[in-house]
Amino acid sequence: QQPSLCLFYPLRADFDTAKPAALNRELERQRKAAEGLKPVPGVSAPELLWQDPQYPYALMGFVQGDTAYRTLALTDYGLGVREDVLRRIGQAVAELHRVSDAGVRQFWPKPFLNMVSDRALAVREGRLWLPKPNRFLGLCAHLHRAARFARGTEFRSALAHGDLHLRNIIMSEKEVSFIDFLNHDAIFPQRDIADIWLANCPEHLASD
């Protein structure tokens, strides 16, 4: 009797667009990350095995493990150490940004401040309801002051993941892997770090 071999590959398809251009840009970001992380022990991104030239379909290498979200949740039941899981995530994110280095840039806040102003206007006009609108507007004013102060400041840039939260990080005992890249040209790694906090702070990072 011959032994059998089972192979698993994730198929990604984008059904929200008729053109594959957007997905192609995201896949290119993943391809670059996978290539850059190859020499890094314990950190990876799925290899892109096949991509349809006409339709937004792609076949990727299988990543073993569970989401970082679930891995962190299991530490509440004594399965793993919370601090160790967070440290591994942080080290892996640092490696992702290191291999995606885009050089020293200057920070120009105008596009971010435009978004802040639009959101503040929506609150003032009642189009966006918040439980404490005045505190939110105070935060918007603080962001404007801080951004003006930081205008022109140099920072180390890197191609961002674009949708970095604990369900887009897969963890096993030996490896941390990043999946579902979104941005292909954003150069602010700080936004990746902020995304992790915004997506997970209420449930995991501030429970105590």
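Visitor: Which element gives the most residues to the lining of the largest pocket?
Guide: In this predicted model, H5 gives the most to that lining, with 7 residues. Helices H4 (110-124), H5 (133-150) and H6 (189-205) are the elements that give two or more residues.

Visitor: What is the volume of the largest pocket, and which residues are closest to its centre?
Guide: The volume is about 870 Å³. Of the 27 lining residues, Phe112, Met115, Val116, Leu143 and Arg191 are the closest to the centre.

Visitor: What makes up this lining by class?
Guide: The lining has 19 nonpolar, 3 polar and 5 charged residues.

Visitor: How do you know that the span of H3 agrees with that of a helix?
Guide: H3 covers residues 82-99, and at 1.5 Å a residue its 18 residues should span 26 Å; the end C-alpha atoms are 26 Å apart, therefore the two values agree.

Visitor: Why are the buried residues of H3 said to line one face?
Guide: Arg82, Val85, Ile89, Ala92, Val93, Leu96 and His97 are buried, each being under 20% relative accessible area. Seen down the axis of H3, the buried residues fall within an arc of 135°, so they line one face of the helix.

Visitor: Which residues of H4 are called buried, and what covers them?
Guide: Leu113, Val116, Ala120, Ala122 and Val123 are under the 20% limit and are therefore called buried. What covers them includes H5.

Visitor: What follows H4?
Guide: Glycine 126 follows H4, with a positive phi near 80°.

Conventions
Residues numbered from 1 in each chain as written. Predicted model: local features only at pLDDT ≥ 70, side-chain atom pairs only at ≥ 80, totals over all residues. Heavy atoms only, no water. 1 Å grid on protein atoms, 1.4 Å probe; cavity = no way out; pocket = protein on both sides within 12 Å on 5 of 7 lines; lining within 4 Å. Points joined across faces, edges and corners; volume = space filled by probe spheres on them. Helix = DSSP H or I, 4+ residues; strand = E, 2+ residues; numbered from the N terminus. Nonpolar A, V, L, I, M, F, W, Y, C, P; charged D, E, K, R; others polar. Expected span 1.5 Å × (residues − 1). Buried < 20%, exposed > 50% of the residue type's maximum accessible area, 1.4 Å probe, protein only. Arc of directions from axis to C-beta. Contact = heavy atoms within 4.5 Å.
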